[in-house]
Amino acid sequence: MSELLIASLKQGDHFAMEQIFNLYWEAIFDAAFKKIGDENIAQDITQEIFISLWENREQVIISGGLAAYLHGAVKFKVINHFRSTTVKDGRKAELASLMKQQYADSADDPLILKDAQQKVEEALTQLPERMRLVVTMRRKQEKSIKEIASELDVSVQTVKNQITSAMKLLKKSLS
């Protein structure tokens, strides 16, 4: 049956994709959730896998069966997620360290501290509007990533990506 679905999928059959999704989404979500432990991220990973399958349907080579292919995709996406998260956390720590280092000696001087805050504010104004909004909600309003995602009606991963990109840009403009 899966061979027929794969053949129909490769021909662009939306119905075949829908059947594949209905047959496998729960198992793929469960596999991602067991490895990640975060329901939102597991949902994002599951969605990305099926979107990728559809977008690459003509080039994809499925030799060991569809279930094996999809579970391999989960493994790959989870590894990439952890790799990406580790890099992001490292960059955040670098930025915090850089900012502390730059102003540590002069933190007692209110004028220099005010100047530093002004430079950060100026750097924030250079960010794209949506990115600036996410950073403002996170840092000034102290909202959680989930709260921001909910208010802006975007995924948690989108908020995380916006924060990471903002930190890169801020680090670049402040260094």
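This report describes the fold of the protein chain and then its helix α7.

The model is predicted: local features need pLDDT of at least 70, side-chain atom pairs count only at pLDDT 80 or more, and totals for chains, interfaces and linings use all residues. Residues are numbered from 1 along each chain as its sequence is written, and side-chain values use heavy atoms, with hydrogens and water left out.

The protein chain contains 8 helices and 0 strands (DSSP runs numbered from the N terminus, helices being H or I of at least four residues and strands E of at least two). From the N terminus on, the order is α-α-α-α-α-α-α-α. Of the 175 residues, 33% are buried (under 20% relative accessible area, with exposed meaning over 50% and partly exposed in between; 1.4 Å probe, protein chains only). Contacts are heavy atoms within 4.5 Å; among those between residues at least 6 apart in sequence, 58% join residues at least 24 apart. The accessible surface of the protein chain is about 11200 Å², and carbon and sulfur atoms hold 52% of that area (Shrake-Rupley method, 1.4 Å probe; for residues, only the protein chains shown count as cover).

| Residues of α7 | State |
|---|---|
| Ile145, Ile148, Ala149, Leu152 | buried |
| Lys146, Ser150 | exposed |

The buried residues of α7 line one face of the helix, because seen down its axis they fall within an arc of 100° (taken over the directions from the helix axis to the C-beta atoms). Lys146 and Ser150 sit on the face turned away from that buried side. The cover over the buried residues of α7 includes α6 (129-139) and α8 (156-174). Just after α7, Asp153 has a positive phi of about 55°.
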